[in-house]
Amino acid sequence: MKRTVSATASAWIRSRDKLWSEWFEVLHTRPRHLRIAQAQKYIEHYRALASDLSTARRLMPRSATTAALESVYAAAHAAIDRSSRQTRSGWRALFRLKMPAAMSALRPTVLWIALLFVLSAGAGLWLITQYPDLIGLIASNAMIDKVEHGQLWTEGLFNVVPSSLASVQILSNNIAVSLAAFCAGVFFGLGAFYIIALNGLMLGALFAFTHQHGLDGELLKFVLAHGPVEISVMCIAAAAGTALGESLIRPDAATRRESFQRAAARLGPVLVACALLLVVCGFIEGFISPNPGISLPVRAAVGWGYWLLMLVFLRGGLSRATLDTPPGAKT
Amino acid sequence: MHIAGLTGVELTLPIAGPGTRSYAFIIDWHIRVLLALAWLAVVWLLFAGMDLLGVGRGWRSPFAVLGVWPAVLIYMLYHPLLELLMHGRTPGKRTAGVRLVTRSGGVPGTAAILTRNIFRLLDSMPFLYLVGLSSCMISAQRLRIGDMAAGTVLVLETAASAHNLARLPALLAQTGLDPGVLDLLNELLERWRSLSVEHRDALARTLLARVNPALSAAALSALGDADLYQRLRSLLPAAA
């Protein structure tokens, strides 16, 4: 019986000579470079490969031939089962459909997180007003020293480095903080709460401290142009993190892992939007905020104007306006 | 990991454990640290040459902005960029023989790779990837949190290639051996040096007796280690 199986296997393998040589040629071609007819041929080869693997598993389960077929089948499968390239339509769907949908679902959480931020800022303001010595827990000695000498720590910051380079540094730092607020949400949302509460507390405390030295107006002037969007984006990222935590507390799929994965995929576009908004914020913080020549009303107009633009963008309004236009049409 | 293939024939992908994962990571870590340090060294030399090292202090000095921050970016973007460009592989993963696939066995897309890498912030906490490693050890599919979020799995890449498969039918036709014997023969010759003389000779005699039943036990036991090796080699065509 064993000999019969072996002879059958031998005969079967010999009969595959031409086909397997063809595979060797076809499977070495990069799938992205195939023309339609070649891609169809590739699929046919994949089907034949599956059939051969099935036969090999039956005839010689633990053989090197079966292992080689498994390996080739896995490679062919990976070549076929891949997502399409992120084309223009992919980006359009991301900004027009996925991001607004995720933001819409996230709106109540964003409002709760914003409330937490405001309450924390209030707490920080009250704390430093009542106990001024506690500022040492929040600000560095260099910052305290500078404010006590009547200067904001932001002054002279951009004298050495060009604004463009400083902007890149600021925006990468802000993006990292927002990503951290998102990721920290894995701890059932508590990590996101912590980051928001800490940032709110620090902002309130710094305003109280600068107020004690008559510099609160200067600080407001500095943050006005970039602050509204920067703080809003941080709240949005933390809300996304909270939603991630909620997916673990109240799974909406068969398993918590699946629910977590779905939530991460759903919230991904929100993070992309946050990163884009922070890029512009970084440039505002690098070019406009430290420039003493720009007046308060202009800063307020930039800050709140950009904030309104952010609202339109997050609702998918901007992409609708730009992407609905057919190519070649006059706007 | 068993996945339903697109044709209905199941696909088997062996999952990489924490050891292989750590091995790949350590290689990649060395590469990215070296790249970042190389960048720092180049900028330092340029600044030293132009006598600019003393200009400014802290994280916003020209050296920090042009030297340190790009080096940090190289370090941080190494994984996402290479995983995207190399379809789920990095030089470290390639050396360790692993690759990244989706739960359906396909190549992960941009969103999955970015999500996976964003969660490095969490997996690397509090130090030495403790969270990620713990998660790998606990989960059945050896996943770190980033993999769970992105729906990716790290699998072992088997060495068997399409090339071996393509030449197999011709090899069987030339040698007249059955596939099982050919497997044993290849494996024995491959491991010849790593086996003790006593064991490899015993295995070679058993195999030769199976290939050629006419060979008597006395004739086989008269063959020395080198003769046995030659006999086994002669069963395969010269080019094999």
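Reader: Let's take His87(B). Is His87(B) buried, exposed or partly exposed?

Author: Remember first that this is a predicted model. The general idea is to count neighbours around the C-beta atom; 20 or more within 10 Å means buried, 12 or fewer means exposed. His87(B) has 18 other C-beta atoms within 10 Å, so His87(B) is partly exposed.

Reader: Where is His87(B) placed?

Author: His87(B) belongs to the loop between α2 and α3 (91-96) of chain B. Check its backbone too. Phi of His87(B) is positive, about 55°, although the residue is not a glycine.

Reader: Which loop of chain A holds Phe188(A), and what is the phi of Phe188(A)?

Author: Phe188(A) sits in the loop between α8 (163-183) and α9 (190-212) of chain A. Its phi is near 50°, a positive value in a residue other than glycine. Phe188(A) is partly exposed because 15 other C-beta atoms lie within 10 Å.

Reader: Next, omega. What is the peptide bond from Met125(B) to Pro126(B)?

Author: That bond is cis, with omega near -15°. Pro126(B) lies in a loop as well, the one between α5 and α6 (130-138) of chain B.

Reader: Now strands. How do β3 and β4 of chain B run, and how many bridges join them?

Author: Look for bridges, then for direction. Strand β3 (residues 98-102) of chain B is joined to β4(B) by 5 bridges, and the two run antiparallel. For one facing pair, take Thr102(B), which stands opposite Thr152(B) in β4(B).

Reader: Is β4(B) mostly covered or mostly open?

Author: Mostly covered. Strand β4 spans residues 152-156 of chain B, and 4 of its 5 residues are buried.

Reader: How many helices and strands are in chain A?

Author: Chain A has 14 helices and 0 strands. Of its 331 residues, 39% count as buried. Sequence range is another thing to read. Among contacts in chain A between residues at least 6 apart in sequence, 78% join residues at least 24 apart.

Reader: How do I read a helix pair? At what angle do α11 and α13 of chain A cross?

Author: Take the axes, then the residues that meet. The axes of α11 (residues 227-249) and α13 (residues 296-314) of chain A come within 7 Å and cross at roughly 35°. From α11(A), Gly227(A), Pro228(A), Val229(A) and Ser232(A) take part; from α13(A), the partners are Gly303(A), Trp304(A), Tyr306(A), Trp307(A) and Met310(A). By type, this contact has 6 nonpolar residues, 3 polar and no charged.

Reader: What about nonpolar cores?

Author: In soluble globular proteins, nonpolar side chains tend to be buried together. Here the largest nonpolar core has 119 residues. Those touching the most other members are Cys235(A), Ala237(A), Ala238(A), Ala240(A) and Val270(A).

Reader: Which residues does Ala237(A) touch?

Author: Leaving aside residues up to four places away in sequence, Ala237(A) touches Ser178(A), Ala181(A), Phe182(A), Leu271(A) and Cys274(A).

Reader: Now domains. How is each chain divided?

Author: Chain A has domain 1 (13-80) and domain 2 (90-323). Their centres, taken over C-alpha atoms, are 52 Å apart. Chain B has domain 1 (2-156) and domain 2 (162-231). There the centres are separated by 44 Å, again over C-alpha atoms.

Reader: Last, the interface. How many residues of each chain are in contact?

Author: 50 residues of chain B contact 52 residues of chain A. On the chain B side, several elements each supply at least two residues, including β2 (10-12), α2 (62-85) and α9 (179-190). The most comes from α8(B), with 10 residues. By type, that side divides into 29 nonpolar, 18 polar and 3 charged.

Conventions
Residues are numbered from 1 along each chain as its sequence is written. Chains are lettered from A and ligands numbered from 1 in the order in which they are written. This is a predicted model: local features need pLDDT of at least 70, side-chain atom pairs count only at pLDDT 80 or more; totals for chains, interfaces and linings use all residues. Two residues are in contact if their C-beta atoms, placed from the backbone, lie within 7 Å. Ala, Val, Leu, Ile, Met, Phe, Trp, Tyr, Cys and Pro count as nonpolar, Asp, Glu, Lys and Arg as charged, and the others, Gly among them, as polar. Axes are lines fitted to C-alpha atoms, for helices over the stretch in contact, and angles run from 0 to 180 degrees between N-to-C directions. Domain bounds come from an automatic or database domain assignment. Two strands pair if DSSP finds at least two bridges between them. A nonpolar core is a set of buried Ala, Val, Leu, Ile, Met, Phe, Trp, Tyr and Cys residues joined through C-beta atoms within 7 Å.
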